[in-house]
Amino acid sequence: MYARVREPLLHLPNYALSVFAERLERHGGEPGFEAVLAFDGEERAVGYAYGNTVESGDRWWRRMDDVDPVFTRAPALALKEIGVTPAHRGTGLARRVHDTLLAGRPEPYVSLMVNASAGDGKVRRVYESWGYEPIGTSRPSPESPLLTAMIRPIGGGGA
(Lines give C-alpha, C1' and ligand atoms only; values in the text may rest on other atoms or scores of the structure.)
Protein backbone atom coordinates (compact mmCIF):
# COMPACT_ATOMS: atom_id res chain seq x y z
CA MET A 1 0.00 0.00 0.00
CA TYR A 2 2.71 2.45 1.01
CA ALA A 3 4.72 1.66 -2.12
CA ARG A 4 1.71 2.32 -4.36
CA VAL A 5 1.05 5.66 -2.65
CA ARG A 6 4.68 6.85 -2.58
CA GLU A 7 5.97 5.16 -5.76
CA PRO A 8 7.51 8.27 -7.38
CA LEU A 9 9.47 9.00 -4.18
CA LEU A 10 10.76 5.55 -3.23
CA HIS A 11 14.23 6.30 -4.60
CA LEU A 12 14.69 9.06 -1.99
CA PRO A 13 16.29 7.88 1.28
CA ASN A 14 13.51 9.23 3.52
CA TYR A 15 10.81 7.44 1.49
CA ALA A 16 12.55 4.06 0.98
CA LEU A 17 10.42 1.04 1.89
CA SER A 18 12.96 -0.13 4.48
CA VAL A 19 12.92 3.30 6.19
CA PHE A 20 9.11 3.34 6.20
CA ALA A 21 9.05 -0.19 7.69
CA GLU A 22 11.36 0.93 10.50
CA ARG A 23 9.20 4.00 11.20
CA LEU A 24 5.98 1.99 11.18
CA GLU A 25 7.43 -0.58 13.60
CA ARG A 26 8.54 2.20 15.97
CA HIS A 27 5.30 4.20 15.67
CA GLY A 28 3.16 1.09 16.13
CA GLY A 29 4.64 0.58 19.58
CA GLU A 30 4.01 4.15 20.74
CA PRO A 31 1.12 5.14 23.06
CA GLY A 32 -2.26 5.71 21.46
CA PHE A 33 -1.28 4.21 18.09
CA GLU A 34 -4.21 3.84 15.72
CA ALA A 35 -4.42 3.15 12.00
CA VAL A 36 -7.21 3.39 9.44
CA LEU A 37 -7.31 1.59 6.09
CA ALA A 38 -9.72 2.33 3.24
CA PHE A 39 -10.71 -0.31 0.69
CA ASP A 40 -12.29 -0.07 -2.74
CA GLY A 41 -15.26 -2.14 -3.94
CA GLU A 42 -12.92 -5.00 -4.81
CA GLU A 43 -11.47 -5.08 -1.27
CA ARG A 44 -8.11 -3.59 -2.33
CA ALA A 45 -6.47 -1.19 0.12
CA VAL A 46 -6.53 2.30 -1.44
CA GLY A 47 -5.93 4.66 1.48
CA TYR A 48 -4.47 4.79 4.94
CA ALA A 49 -3.64 7.04 7.87
CA TYR A 50 -2.03 6.43 11.21
CA GLY A 51 -0.89 8.32 14.24
CA ASN A 52 -0.27 8.16 17.95
CA THR A 53 -0.51 10.24 21.09
CA VAL A 54 2.36 12.62 21.85
CA GLU A 55 2.87 14.23 25.24
CA SER A 56 4.77 17.33 26.26
CA GLY A 57 8.48 16.70 25.80
CA ASP A 58 7.97 14.05 23.11
CA ARG A 59 10.56 14.10 20.32
CA TRP A 60 7.69 15.08 17.97
CA TRP A 61 7.66 18.49 19.65
CA ARG A 62 11.40 18.71 20.35
CA ARG A 63 12.19 18.42 16.62
CA MET A 64 10.08 21.51 15.83
CA ASP A 65 11.49 25.00 15.75
CA ASP A 66 9.71 27.69 17.77
CA VAL A 67 6.51 25.79 18.60
CA ASP A 68 4.23 27.66 21.02
CA PRO A 69 4.12 25.76 24.35
CA VAL A 70 0.32 26.16 24.41
CA PHE A 71 0.12 23.28 21.93
CA THR A 72 2.38 20.96 23.93
CA ARG A 73 0.68 21.27 27.34
CA ALA A 74 -1.93 18.60 26.63
CA PRO A 75 -1.52 15.33 24.74
CA ALA A 76 -2.01 15.61 20.98
CA LEU A 77 -2.53 13.17 18.16
CA ALA A 78 0.51 13.15 15.87
CA LEU A 79 -0.71 12.24 12.38
CA LYS A 80 2.38 10.40 11.17
CA GLU A 81 1.23 9.19 7.73
CA ILE A 82 -1.72 9.66 5.41
CA GLY A 83 -1.97 8.65 1.78
CA VAL A 84 -4.23 7.40 -0.97
CA THR A 85 -3.40 5.63 -4.21
CA PRO A 86 -3.09 7.85 -7.29
CA ALA A 87 -6.40 6.65 -8.75
CA HIS A 88 -8.23 7.81 -5.59
CA ARG A 89 -6.67 11.25 -5.20
CA GLY A 90 -9.04 14.16 -5.57
CA THR A 91 -12.05 12.04 -4.57
CA GLY A 92 -12.30 13.10 -0.92
CA LEU A 93 -10.96 9.74 0.27
CA ALA A 94 -7.99 11.28 2.09
CA ARG A 95 -10.33 13.53 4.08
CA ARG A 96 -12.61 10.61 4.96
CA VAL A 97 -9.65 8.51 6.13
CA HIS A 98 -8.35 11.50 8.12
CA ASP A 99 -11.72 12.15 9.76
CA THR A 100 -12.16 8.47 10.59
CA LEU A 101 -8.79 8.44 12.35
CA LEU A 102 -9.73 11.54 14.37
CA ALA A 103 -13.21 10.29 15.34
CA GLY A 104 -13.39 9.57 19.05
CA ARG A 105 -9.81 10.58 19.82
CA PRO A 106 -9.40 12.03 23.34
CA GLU A 107 -6.66 14.54 22.43
CA PRO A 108 -7.66 18.19 21.94
CA TYR A 109 -5.31 18.74 18.97
CA VAL A 110 -3.96 16.89 15.96
CA SER A 111 -0.57 17.81 14.53
CA LEU A 112 1.14 16.81 11.30
CA MET A 113 4.21 17.66 9.28
CA VAL A 114 4.08 18.34 5.55
CA ASN A 115 6.69 18.96 2.91
CA ALA A 116 5.62 22.46 1.88
CA SER A 117 6.80 21.84 -1.67
CA ALA A 118 4.85 18.58 -2.10
CA GLY A 119 2.61 18.89 -5.12
CA ASP A 120 3.92 22.43 -5.64
CA GLY A 121 2.28 23.41 -2.32
CA LYS A 122 -1.04 21.71 -3.05
CA VAL A 123 -0.73 19.23 -0.17
CA ARG A 124 -0.16 22.00 2.37
CA ARG A 125 -3.13 23.94 0.94
CA VAL A 126 -5.31 20.85 1.34
CA TYR A 127 -4.37 20.62 5.02
CA GLU A 128 -5.07 24.34 5.44
CA SER A 129 -8.53 23.79 3.94
CA TRP A 130 -9.04 21.10 6.61
CA GLY A 131 -8.35 23.68 9.33
CA TYR A 132 -4.63 23.13 9.96
CA GLU A 133 -2.39 26.10 10.70
CA PRO A 134 1.41 26.22 10.53
CA ILE A 135 3.16 26.33 13.91
CA GLY A 136 6.82 25.83 13.00
CA THR A 137 9.23 23.78 10.96
CA SER A 138 11.00 20.49 11.45
CA ARG A 139 13.65 18.31 9.83
CA PRO A 140 13.07 14.94 11.53
CA SER A 141 16.17 13.36 9.99
CA PRO A 142 19.12 14.47 7.88
CA GLU A 143 17.48 12.76 4.87
CA SER A 144 14.17 14.52 5.39
CA PRO A 145 13.16 17.67 3.56
CA LEU A 146 12.31 20.70 5.67
CA LEU A 147 8.75 20.15 6.86
CA THR A 148 6.06 22.57 7.95
CA ALA A 149 4.55 21.57 11.31
CA MET A 150 0.81 22.16 11.41
CA ILE A 151 -1.93 21.79 14.03
CA ARG A 152 -5.70 22.06 14.44
CA PRO A 153 -8.27 21.21 17.08
CA ILE A 154 -9.55 17.66 16.72
CA GLY A 155 -13.12 18.83 17.10
CA GLY A 156 -12.82 21.47 14.36
CA GLY A 157 -11.52 21.92 10.90
CA GLY A 158 -12.21 23.33 7.51
CA ALA A 159 -14.94 22.51 5.05
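A salt bridge is defined here as a side-chain nitrogen of Lys or Arg within 4 Å of a carboxyl oxygen of Asp or Glu. By this rule, ten salt bridges are counted. The structure is a predicted model, in which local features need pLDDT of at least 70 and side-chain atom pairs count only at pLDDT 80 or more, while totals for chains, interfaces and linings use all residues. Residues are numbered from 1 along each chain as its sequence is written, and side-chain values use heavy atoms, with hydrogens and water left out.

One of the salt bridges joins Glu-81 to Arg-6, with the closest N and O atoms 3.0 Å apart. Glu-81 lies in strand β4 and Arg-6 in helix α1, 75 residues apart, and the pair thus links distant parts of the chain. Helices (H or I, at least four residues) and strands (E, at least two) are DSSP runs, numbered from the N terminus. Both Glu-81 and Arg-6 are buried, a term that means under 20% relative accessible area, with exposed meaning over 50% and partly exposed in between (1.4 Å probe, protein chains only). Together with Arg-23, these two residues, Arg-6 and Glu-81, are linked in a network of salt bridges.

A salt bridge also connects Glu-34 with Arg-105, the closest N and O atoms being 2.9 Å apart. Glu-34 lies in strand β1 (residues 34-39) and Arg-105 in the loop between α4 and β5, so the pair ties together parts that are 71 residues apart in sequence. Glu-34 is partly exposed because its relative accessible area is 30%, whereas Arg-105, at 12%, is buried.

Arg-105 also takes part in the surroundings of Thr-53, a residue of strand β2 (residues 45-54). Thr-53 has a relative accessible area of 14% and is therefore buried. Its side chain makes polar contacts with the side chain of Arg-105 (3.1 Å) and with that of Glu-107 (2.6 Å). A polar contact is a pair of N or O atoms within 3.5 Å; within protein, one must be able to donate a hydrogen and the other to accept it, and residues adjacent in sequence count only if both atoms are side-chain atoms. Not counting residues up to four places away in sequence, Thr-53 touches Pro-31, Gly-32, Pro-75, Ala-76, Arg-105 and Glu-107, where contact means heavy atoms within 4.5 Å.

A further salt bridge is formed by the side chains of Arg-44 and Asp-40 (2.7 Å, N to O). Arg-44 counts as partly exposed because its relative accessibility is 46%, while Asp-40 is buried at 13%.
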